[in-house]
Amino acid sequence: MRSLIQAYKKSDPSAQSSIEILLLYPGIKALAIYRMAHFLFELKVPFFPRALAEFSRWLTGIEIHSGAKIGRNFMIDHGMGVVIGETAQIGDDVILYHGVTLGGVSLVPGKRHPTIGNRVVIGAGAKVLGNITIGDDSRIGANSVVVESVPPNSTIVGLYGKAQKRVTPVHDIQTDYVI
């Protein structure tokens with residue numbers, strides 16, 4: 001939790017204190033509840049993981065299925081309207097903005113949600129759909145729709161997003177989306 005708070009402080013210039021982040025940031029609350037729900041999901045406890053996820057959605061406006069796999073220092077900035085599906089996998093040091101969907105496009109059981117690499121930033125309103133992979137150090141621009149796998153170090157923009165250019169790793173977070 002300490003490293004996550006540090007990640008918020010580093011990436012959010014408006015973050016004033018650790019206590020503010022813990023108490024007032026919906027992303028950190030949703031992630032804490034998800035961790036409990038995921039633990040129960042892994043134990044195959046019925047009902048309660050989904051009930052916790054529903055409570056989190058009601059409390060924060062962020063819906064994370066208890067079956068999703070999420071790495072370290074995962075940040076949801078603002079958060080309202082974020083949806084993360086059951087078979088989604090998210091790497092370390094990933095940032096999602098409000099309105100992002102990591103959704104499925106199939107009703108067939110099995111892996112049907114995206115795999116997000118490490119150090120990926122996904123802009124507000126973006127939709128990443130299907131069993132695809134977003135490579136490490138990539139950025140997905142706001143409101144992009146991504147339905148095909150993305151190589152590492154890519155910037156994706158637009159409806160049915162296409163790679164536009166290579167970028168430096170996301171540790172140098174800037175607002176250089178091409179729109």
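Let me start with Val94. Val94 is buried, with a relative accessible area of 0%. This is a predicted model, so keep that in mind throughout. Val94 sits in the loop between E5 and strand E6, residues 95–97. What does Val94 touch, leaving aside its neighbours within four places in sequence? The contacts are Asn73, Phe74, Met75, Ile116, Gly117, Arg119 and Val120. Take Gly117 from that list. Val94 and Gly117 are 23 residues apart in sequence. In space, their C-alpha atoms are 7.9 Å apart.

Now step back to the whole chain. The protein chain has four helices and 15 strands. How much of the chain is buried? Of its 179 residues, 46% are buried. Next, the contacts between residues at least 6 apart in sequence. Of these, 33% join residues at least 24 apart. The chain exposes about 9,300 Å². Carbon and sulfur atoms supply 60% of that area.

On to the sheet. Five strands form an open sheet. The order is E1-E4-E7-E10-E13, and the pairing is parallel. Which strands stand at the edges? They are E1 and strand E13, residues 145–146. Each has a single partner strand, so one side of each is left without a neighbour in the sheet. Look inside the sheet at E7 and E10. Strand E7 covers residues 101–103, and strand E10 covers residues 127–129. The two run parallel, joined by three bridges. Gly103 stands opposite Leu129 in E10.

Next, helix H3, residues 26–42.

Which residues of H3 are buried? They are Gly27, Ile28, Ala30, Leu31, Ile33, Tyr34, Ala37 and His38. What do the buried residues of H3 pack against? Three helices are on the list: H1 (2–11), H2 (18–24) and H4 (48–60). The strands are E1 (63–64), E2 (69–70) and E3 (75–77). Just after H3 comes Lys44, with a positive phi of about 60°.

Over to the surface. Met1, Ile19, Leu22, Leu23 and Leu24 form a nonpolar patch there. Together they have about 520 Å² of accessible area. Pick out Leu23, which is in helix H2. Is Leu23 buried or exposed? Leu23 is exposed, with a relative accessible area of 53%. The cut-off for exposed is over 50%.

Last topic: charges. Side chains of opposite charge can pair when their charged atoms come close. How many salt bridges does the structure hold? Five. I will walk through some of them.

Start in helix H4. The side chains of Arg57 and Glu54 meet in a salt bridge, 2.8 Å from N to O. Arg57 and Glu54 are three residues apart in H4, so about one helical turn separates them. Arg57 is partly exposed, at 37% relative accessible area. Glu54 is partly exposed too, at 41%. The pair belongs to a network: salt bridges link Glu54, Arg57 and Glu63.

Next, Arg112 and Glu86. Their side chains meet in a salt bridge at 3.1 Å, N to O. Arg112 lies in the loop between E7 and strand E8 (115–116), and Glu86 in the loop between strand E4 (83–84) and strand E5 (89–90). So the pair ties together parts that are 26 residues apart in sequence. Glu86 counts as partly exposed, at 26% relative accessibility.

Then Asp137 and Arg119. They form a salt bridge, with the closest N and O atoms 2.7 Å apart. This pair links distant parts of the chain, 18 residues apart. Asp137 is in the loop between strand E11 (133–134) and strand E12 (139–140). Arg119 is in the loop between E8 and strand E9 (121–122). Which of the two is buried? Asp137 is buried, with a relative accessible area of 9%. Arg119 counts as partly exposed, at 22% relative accessibility. The cut-off for buried is under 20%.

Arg119 is one of the residues in contact with Val94.

Technical notes:
Residues are numbered from 1 along each chain as its sequence is written. This is a predicted model: local features need pLDDT of at least 70, side-chain atom pairs count only at pLDDT 80 or more; totals for chains, interfaces and linings use all residues. Side-chain values use heavy atoms; hydrogens and water are left out. Buried means under 20% relative accessible area, exposed over 50%, partly exposed in between (1.4 Å probe, protein chains only). Contact means heavy atoms within 4.5 Å. Two strands pair if DSSP finds at least two bridges between them. Accessible areas come from the Shrake-Rupley method with a 1.4 Å probe; for residues, only the protein chains shown count as cover. Patches are made of residues with over 30% relative accessible area and no salt bridge: like charges are joined within 9 Å, nonpolar side chains (Val, Leu, Ile, Met, Phe, Trp, Tyr) within 5 Å. A salt bridge is a side-chain nitrogen of Lys or Arg within 4 Å of a carboxyl oxygen of Asp or Glu.
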